[in-house]
Amino acid sequence: MPDRPANRPTAPLHLSVVGHTNTGKTSLMRTLMRDARFGEVAPSSATTRQVEGARLLVDEQTLVELYDTPGLEDAGALIERLDALPGDRHGGPERIRAFLETTDAGQRFEQEARVLRQLLQSDAALYVVDTREPVLGKYQDELAILALCARPVLPVLNFTANAKSRVDRWREALARVGLHAVAEFDTVVFSLEAEARLWRRLATLVESHGQEMERLIDTRERQAEWQHHAAITRVAEMLIDAAAAYRLAHRHDPADIGRATQELQQAVSAREQSCARQLLELFRFDEEFEQQLPLPIDKHGWQHDVFDPALLGLYGKRTGSGLAAGAAMGAAVDVASGGLSLGAGTLVGAISGGGGAAIWQLRRDLADRVRGRLRIMVDAAALSHLAARELALVDALRQRGHAAQTPIGFGHKRKNPWPDQRLPRALIQARLEPALSSLNHDSPHSPGRQERVHALAAQLRKSIRAGIDPHA
């Protein structure tokens, strides 16, 4: 059979998502669609009562039409009802159609009838299995009924990452009824590779759509790469804002120093919060979804403050307030008192690499010191903590299925994000250029901001490739 021309449109693959009640059918729909708001997911049975459809598009062309169906609840009784019908025992689709004409299809077996009616109109089915459940006769009855529809069925083993999963037992049971093509796909712990295997296994059952499945896989992989690239850029933008941010205070006025410190802390925390929300949106976990789940961030900020001394101890010297004074020459003076974790050689290199902006900042800082003013800035430990926490959030969202209902947990033990344990040059340079930060209201816009952001994003990706993020 010759290959179909690439530009010739084809009918979408019509795919029914079927299975026992509460096995994760709607969860599978959410994860495949990257939409946390599709349908209703709840621990109670029979959450889905009607057939709901959705489309997967590539280049504005619908490749797959998915249909979320109600759960099968009483397959044993339905088999008895089918056996009681007159006609050829081996006429599968005909027997199903005859059953759909009976009053029982609109009453006692109304839910099962919706499933079977949709499957007869589909090209294939994904049979979702909760692998935490034991292999029971009712599931074998369901498969026997679905087989009567004469449509290819691909079992999808869900919740495989759960400690209670019985994957091997389910594989053995499915093989006994002739279902050797099986896909493992956890709707909570997402894996792009597992999703690709699902589509390829399906393509072996519906060969006429093999090219479309490969197009879908390729598009999903490119989208994931772009998504990760964009996420790292968002983190880099936030870090540049934080590194270049400052507040001024009178050097010998503790109350004024406290005021400036608190103001800067609040500004940086709000900026990190904004970055976290951007990441949620980028990975299609929208604000409504965030409000439904107890994430480690809430409307008021992260549960653990980025300037918490206990956390900062993981990333560098303790700095008391979590902030340090000075940049350029000011930093060189304050380093002696345990402020910034920047050596004199690093500082000189940053100044020489900062060009005119660094020299301008040096003069401005000297002028501030002459006037008795102190420049409050975020220290290296806090910047490293910010970077580590946002990278951990990126990693968690990349691995999170859109059906997940549990909180995202990070804990306190996160690696320093810099392979050589030192702030990257882009952040050191940013400390010398206040105009780079959107948190400094009195600073002019810097044309070099994007250059610094791109340089830092490249450094973050280098850190990821060095092994901090094994999923990159």
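How many disulfides does a search of the whole structure find? Zero, taking a disulfide as a pair of cysteine sulfur atoms within 2.5 Å.

## Ground rules

This is a predicted model, so local features need pLDDT of at least 70 and side-chain atom pairs count only at pLDDT 80 or more, while totals for chains, interfaces and linings use all residues. Residues are numbered from 1 along each chain as its sequence is written, and side-chain values use heavy atoms, with hydrogens and water left out.

## The chain overall

The protein chain has 16 helices and eleven strands; these are DSSP runs numbered from the N terminus, with helices being H or I of at least four residues and strands E of at least two.

Take the contacts (heavy atoms within 4.5 Å) between residues at least 6 apart in sequence: 75% of them join residues at least 24 apart.

## Two nonpolar cores

A nonpolar core here is a set of buried Ala, Val, Leu, Ile, Met, Phe, Trp, Tyr and Cys residues joined through side-chain atoms within 4.5 Å. The largest one has 53 residues, and Leu 239, Leu 456 and Leu 460 have the most contacts inside it. At least two residues of this core come from each of α8 (210–244), α9 (254–282), β11 (373–378), α14 (380–398), α15 (425–430) and α16 (449–468). The largest share, eleven residues, is from α8. Leaving aside neighbours within four places in sequence, Leu 239 touches residues including Trp 418, Leu 427, Leu 456 and Leu 460.

A second, separate core holds 33 residues, among them Phe 99, Ala 113, Cys 149 and Leu 179. Cys 149 counts as buried because its relative accessibility is 0%. Cys 275 is buried too, with a relative accessible area of 0%.

## The six-stranded sheet

Six strands make an open, mixed sheet, ordered β2-β3-β1-β4-β5-β6; two strands pair if DSSP finds at least two bridges between them. At the edges sit β2 (52–58) and β6 (183–184), each pairing on one side only. Strands β4 (residues 124–130) and β5 (residues 153–158) run parallel, joined by six bridges. Val 129 has Leu 157 in β5 as its bridge partner.

Helix α4 (residues 110–120) packs on the sheet, touching β1 (13–19), β3 (61–68) and β4, and its direction makes about 155 degrees with that of β1. Helix α6 (residues 167–176) lies across β4, β5 and β6, at about 165 degrees to β5. Those angles run from 0 to 180 degrees between N-to-C directions, with axes fitted to C-alpha atoms, for helices over the stretch in contact.

Note on methods
Buried < 20%, exposed > 50% of the residue type's maximum accessible area, 1.4 Å probe, protein only.
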